[in-house]
Amino acid sequence: MSANIDQLYNFALLDEDAKRAIRRSLLKAVALPGHLVPFASRDLPIARGWGTGGLQITLALVTPDDTLKVIDQGDDESVNAVNLRRLITRTTGITTTVDTAAATVIQTRHRIPEEPLRDDQILVLQVPMADPLRWVEPHLERATVMHGEADYGKMWVYLYESVVRAGDLRIASQYPVIVNRRYLMDTTPIPRWDVPKLHMAETLYLFGAGREKRIYAVPPYTAVEPLQFEDYPFRTEYRPGQRCARCGAENAFLTTHFVADARGGRWEATCSDANYCAKRRAQAEATA
Amino acid sequence: MTTIVAAPPTPLELFNGRTFRVLLDCLARPGRVGQLPVFPLADLPRLPDGTPPNPTAVAACMSLLDQTVSFAQAAGETWMSVDHPLTRWIALRSNAHPVAPEAADFALLHDPAGAVLLGALKQGTLLCPEQSCTAFLCVPEIVAGGAMLRLTGPGIAGEATVGLPGVAPTALEALIARRGRFPLGIDIFLIDRRGYCLGLPRTTQVAQACRLSAYPPGA
């Protein structure tokens, strides 16, 4: 059977007008750190809610000179990352990598790589829920007015109630932050571990919510402060004595999973960032 | 079996993509001076005073224009009419609507003296601060690290300085004025004759460095 070569697609799939609309929203998002900029989220061969916001930013961003890395929960090989990477490479032909240091554009779901990012790299985050006020104000119109007036009292009450009920700030991920001392922003489901990486970073962070049709950004060297109380400060997931079972990293975000063995099995904590863990193991082997 | 094959970008697509990356980088890092790519189109009509416009600035602005947005242009300190040949040239190639300055999504100011017109442009509203104008201001030369303007704010580690030789003091003052009204304001790209670009988002605080050195604190 002969292959039918189909060149009916544009470079990077989206038509030029769609890319321009996304680019205009991205520029305004950078000029308004933390503010939700609406954009016309286009239909893609991937369902909304599966990373279409991040995907559209990446497609509007990439040029043939780029090297792309796509991760899902820190892993290059999980389903979401593999599928998005395949779509982007087939429609652009750009090179991809798993090496964080070699990438110029990194699209990610729910993690920021452990390796420090440089100023020539751009991190694109896929966002499921764009507005942090959704927890306290379900009406989008009212939430927009609250953002316009920097009226975040309800959010502080939410945090206070969380302390009263649970004895601590019970927010596992999507930790709300104040960007550039003005806008309240949702950090997407990155773990609390990654929130400090947004503050005064060297890298540009772009956030895309395809289903919610919103784009927002955190430029480099921008103040990003998690909401916290003096007596109940923001804390990451760090546990004293934590250690990756594979590479031995102590200062990395770990995920636990069950490993079955002859004696019934055990819980094991390993790095969530697969490339970081592999690099550390390769380094240890080289020096051993 | 159908295989998706990546079509190579057309010259204009490639130009738009590369231009956007420079604009994004310049806006995210005010004070860093980026080099814009060369415009693939030629034969731009001349400005009302007979001088040719800065092709890189026109191209950078056009890379973001389509039928859903509007633009306005000014030569010197006056707005150009909607039926000027250059306005029609841009509108024909981008499908963008030439409109009055107070309604424009994009403004192309062909002379640094046009900085005094920035106050006439859309500043956005508290509900929709993103609905403000993006201005492209042509200047003779941008010198990274020059000692005329001191920039601070998001995107800048500490502070950055930049020199704008050949820009009149009144234009510099107009560039500095009307800032500090975040989240409202205009985002400006300064583009010089060699195609170098400086981004000044509304978050950037601009101060005149020379004046500060002329009158040191306590003097």
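Colleague: Starting with the contact between the chains, how many residues does each chain give?

Modeller: In this predicted model, chain A puts 41 residues into the contact and chain B puts in 39 residues.

Colleague: Which elements of chain A supply at least two residues each to the side that touches chain B?

Modeller: Those are β1 (4-6), α1 (16-31), α3 (79-92) and α4 (140-148) of chain A. The one that gives the most is α1(A), with 11 residues.

Colleague: And how do the residues of that side of chain A divide into nonpolar, polar and charged?

Modeller: On the side of chain A that touches chain B, 19 are nonpolar, 12 are polar and 10 are charged.

Colleague: You mentioned α4 of chain A. Which residues are buried in α4(A)?

Modeller: The buried ones are A:A143, A:M146 and A:H147. They cover an arc of only 100° around the axis, so they sit on the same side of α4(A).

Colleague: What covers the buried residues of α4(A)?

Modeller: The cover includes β8 (183-185) of chain A. As for what comes next in the chain, α4(A) is followed by A:A150, which has a positive phi, near 50°.

Colleague: Changing topic: what does the domain assignment give for chain A?

Modeller: Domain 1 is 16-128 + 189-226, and domain 2 is 238-288. Taken over C-alpha atoms, the centres of domain 1 and domain 2 of chain A are separated by 26 Å.

Colleague: How many residues does the contact take from each of these domains?

Modeller: Domain 1 of chain A gives 14 residues and domain 2 of chain A gives 7 residues. The side of domain 1 that touches domain 2 divides into 4 nonpolar, 3 polar and 7 charged residues.

Colleague: Now the strands of chain A. Is β10 (214-218) enclosed or open?

Modeller: Strand β10 of chain A is largely enclosed by the rest of the structure, because 5 of its 5 residues are buried.

Colleague: Which residues are on which side of β10(A)?

Modeller: A:R214, A:Y216 and A:V218 are on one side, while A:I215 and A:A217 are on the other; all are buried, and both faces of β10(A) are covered. In a regular strand the side chains alternate between the two faces of the sheet.

Colleague: What pairs with it?

Modeller: Strand β9 (residues 204-209) of chain A runs antiparallel to β10(A), and 5 bridges join them. One bridge partner pair there is A:F207 and A:Y216. Strand β2 (residues 37-38) of chain A also pairs with β10(A) in the antiparallel sense, over 2 bridges. In that case A:V37 has A:I215 as its bridge partner in β10(A).

Colleague: How many residues lie between β9(A) and β10(A)?

Modeller: The two form a hairpin with 4 residues between them. In the turn, A:K213 has a positive phi of about 60°.

Colleague: What about A:A12, buried or exposed?

Modeller: A:A12 counts as buried because it has 27 C-beta neighbours inside 10 Å. Its place is the loop between β1 and α1 of chain A. A:A12 has a positive phi of about 60°, although it is not a glycine.

Colleague: On to chain B. How many helices and strands does it have?

Modeller: Chain B has 5 helices and 12 strands. Along its principal axes, the C-alpha trace of chain B spans about 75 × 45 × 40 Å.

Colleague: How does the radius of gyration of chain B fit with a compact globule?

Modeller: It agrees: a compact globule with 219 residues would have a radius of gyration near 17 Å, and chain B has 18 Å. Of the 219 residues in chain B, 46% are buried.

Colleague: Why is helix α2 (residues 55-62) of chain B described as largely enclosed?

Modeller: Because 7 of the 8 residues of α2(B) are buried. They are B:T56, B:A57, B:V58, B:A59, B:A60, B:C61 and B:M62. What covers them includes α1 (11-28), α3, β6 (106-109), β7 (134-138), β10 and β11 (196-200) of chain B.

Colleague: Last topic, the backbone of chain B. Which residues does a cis peptide bond join?

Modeller: B:F182 and B:P183 are joined by it, with omega at about 5°. B:P183 is in the loop between α4 (169-176) and β10 (187-191) of chain B. Another backbone detail is B:N95, which has a positive phi of about 70° and is not a glycine. B:N95 lies in the loop between α3 (85-94) and β5 (97-98) of chain B, and B:N95 is partly exposed, with 13 other C-beta atoms within 10 Å.

How values were computed:
Residues numbered from 1 in each chain as written. Chains lettered and ligands numbered in written order. Predicted model: local features only at pLDDT ≥ 70, side-chain atom pairs only at ≥ 80, totals over all residues. Contact = placed C-beta atoms within 7 Å. Nonpolar A, V, L, I, M, F, W, Y, C, P; charged D, E, K, R; others polar. Domains from an automatic or database assignment. Buried ≥ 20, exposed ≤ 12 C-beta atoms within 10 Å, placed from the backbone. Rg over C-alpha atoms; globule rule 2.2 N^0.38 Å. Pairing = 2+ DSSP bridges. Arc of directions from axis to C-beta.
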